[in-house]
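Open the model in your viewer and keep the selection tool ready.

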Amino acid sequence: MTTTRLPRITLWRVIVGLILAAGLYATYARFALGFAQSTHLTDPQPWGLWVGLGTLCGVGLSAGGFAIAAAVYLLGFERYRPVLRASVLISFLGYSTVIAGMMYELGLPWRIWHPIVMWNRSSVLFEVSWCVMLYTSVLALEFSPALVEKIPWVRARQFYLRWHHEILIGLVMAGTLLSSMHQSFLGGLYLITKGKLYPLWYSPYLTTEFYLSAIPAGLAVTIIALYLCVRSLNVRIDVSILSEVSKVIAPLLALWGLFRVVDLVTHDATPYLFMWREETLSFWLEMGLFVIAPVVLLSRDKVRNNPQSLYWTCALVVMGFMANRLNVSITGLQASAGVYYVPKWTEFAATLAVVTAAVMAFRYAVLYLDILPKNPPQKRWMVSNAAAEA
Amino acid sequence: METTKAILVDITKCIGCRSCEQACKELHGFPMETEAKLSVTALTVIEERGDKFVRRMCMHCQDPACASACLVGALKKTAAGPVTYDASKCIGCRYCLVACPFSVPRYEWSKLVPYVKKCDMCAERQAKGQQPACVEACPTGASIVGNREEILEEAERRILNDSKYVKHIYGSEEAGGTSVFFISDVPFEKLGFVAAPRQPLPTLTANALGDTPTVILMGGALLSGLYWITQRRAEVAMAEAQEHSAAAPVRPIDKERS
């Protein structure tokens, strides 16, 4: 994440280099040697890290763009406007990593276009694939002015921007609808695993739970990214916007926790809450990281108003969110699968490399496009001093 | 649907000779070694449970979870009974493996162009009026094939007329009903049969998916309403500010309106 703090110091560059090299080998292993050599996936565990982390977490953590866009354009929260473009970019890059990850995940990735022409409307995955396809296009369009305004031909630029202004509200509405649909449908993927998914995670309301949890997680990612921009990219934004965004997170997390507990109790899963099993531990880890700790921390003004504590609290939210998605997709299915799945290192490497590439793309976009307002240029040594002081 | 075929496996009659396994492997050109579990080269296997022999294969559900899960419709329930797989559509997402309540489909993990493998009840042979290879090879009549209604009646007749049988036909209710049935003299859970949900699994997702056009219409209306309110509030605020400034003794400079 902080690969960009000091351009001159090579440590981060070395780390990025190592990640990319490992990712390159993982890519070779996946496409030249196959699943058996690059993953620990088996028939009882057909979906592993690439789905659990790459797709479920990737899409969920990219929910910030639609939430902020809807807040600004549809609900009139003008205060968030300065961070709007950045959050749309984060989402767009997030979805790009999901699609890139799909190329590893699918057994026959060159057929990724099949759902466009081969329809099965009763498949949740079909709906997800269409929503992701359409929403990624919406995000690209929403973000496009940042690139178009760099075009030197005034007339072409103005023509495009005027057209874009016309369709913008429509885009935001479409984006909100598509996001709401596929964020929930990702949970809906697991509705069909009744009898296989552990009772602490199976629920007829998985769709609602996935939707409710994606919004605070996406906002937390937005806060993290913006904080890092302020720290390391000489960006000038009012950090009080971040603490204001975080005010929305705690109630949403509390709502999710409440919904989840009521759901478990009404579905007679109460005994599972305190069984001496690995699943119970994973469940409480998820609840602790995603609900209890952040809600307690974010209810304190001291935490919300201090960018650094806010940053770490948001990191907790993201970790808790990942715990939830990995629990649904991996932990919760272990017992019925009867196998113990630990991802192979190449699975981590591929995911990490794709995410690193997205972080680098974000960095260069912030540096070279007008994503966020910047401080007047300073000498390089001054920037590094300021960063060191912060 | 009276021509829908089904298979009945009577576990009390199976002697574990593995003729079904061999016939299946021979038909598909798989290596002939015996395998302990279903695999990409063993679409049916005999599992030994105590002194019982339990045949495993695709259950060919009436309303299959795999077919509803498959986003490109590669898996289909045919009117004749078998659930078939069209490899030319498959994109390799493996959602069918996740969705199957009986954990039947297998994936070619070690191939570079991997496909899903599962029993198709010899759909091609059946279309030509032949029996599935496994059933044809069974020397004791432990596996029989026939029209689904008749096969179910036969299974009922056997378990009602003979007290040794467990009074349940596995597959009659599991996953909303299948086209492969098992009857046994040992409780099914002791033979490794899963307690699959009783309703057809696709109904679980159908409710959640709902009617997409309705969702889009309702959601669109809701969002448009919110947008209208937001716009309206902004306009009102603007008008009020102007009224204020008009009433004020010193008018602030308003470049656009002056």
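At what angle do helix 3 and helix 9 of chain A pack, and how far apart are their axes? Select residues 49–61 and 154–188 of chain A: the angle is about 150 degrees and the axes are 10 Å apart. Helices here are DSSP runs of H or I with at least four residues, and strands are runs of E with at least two. Angles over 145 degrees count as roughly antiparallel, so helix 3 and helix 9 of chain A are roughly antiparallel.

This is a predicted model: local features need pLDDT of at least 70, side-chain atom pairs count only at pLDDT 80 or more, and totals for chains, interfaces and linings use all residues. Residues are numbered from 1 along each chain, chains are lettered from A in the order written, and side-chain values use heavy atoms, without hydrogens and water.

Now show the contacts (heavy atoms within 4.5 Å). A:Thr55, A:Leu56, A:Val59 and A:Gly60 in helix 3 meet A:His182, A:Gln183 and A:Leu186 in helix 9.

Next, select A:Leu372. Among its contacts beyond four places in sequence are A:Pro82, A:Leu226 and A:Val366. A:Leu372 is one of the residues with the most contacts inside the largest nonpolar core, which has 147 residues. Such a core is a set of buried Ala, Val, Leu, Ile, Met, Phe, Trp, Tyr and Cys residues joined through side-chain atoms within 4.5 Å. Helix 10 of chain A (206–232) gives the most to this core, 16 residues.

Last, select B:Gly192, in the loop between strand 9 and helix 7 of chain B. B:Gly192 is partly exposed, at 31% relative accessible area. Buried means under 20%, exposed over 50%, and partly exposed in between, with a 1.4 Å probe and protein chains only.

Note on methods. Axes are lines fitted to C-alpha atoms, for helices over the stretch in contact, and angles run from 0 to 180 degrees between N-to-C directions. Angles under 35 degrees count as roughly parallel, over 145 as roughly antiparallel, 65 to 115 as roughly perpendicular and the rest as oblique.
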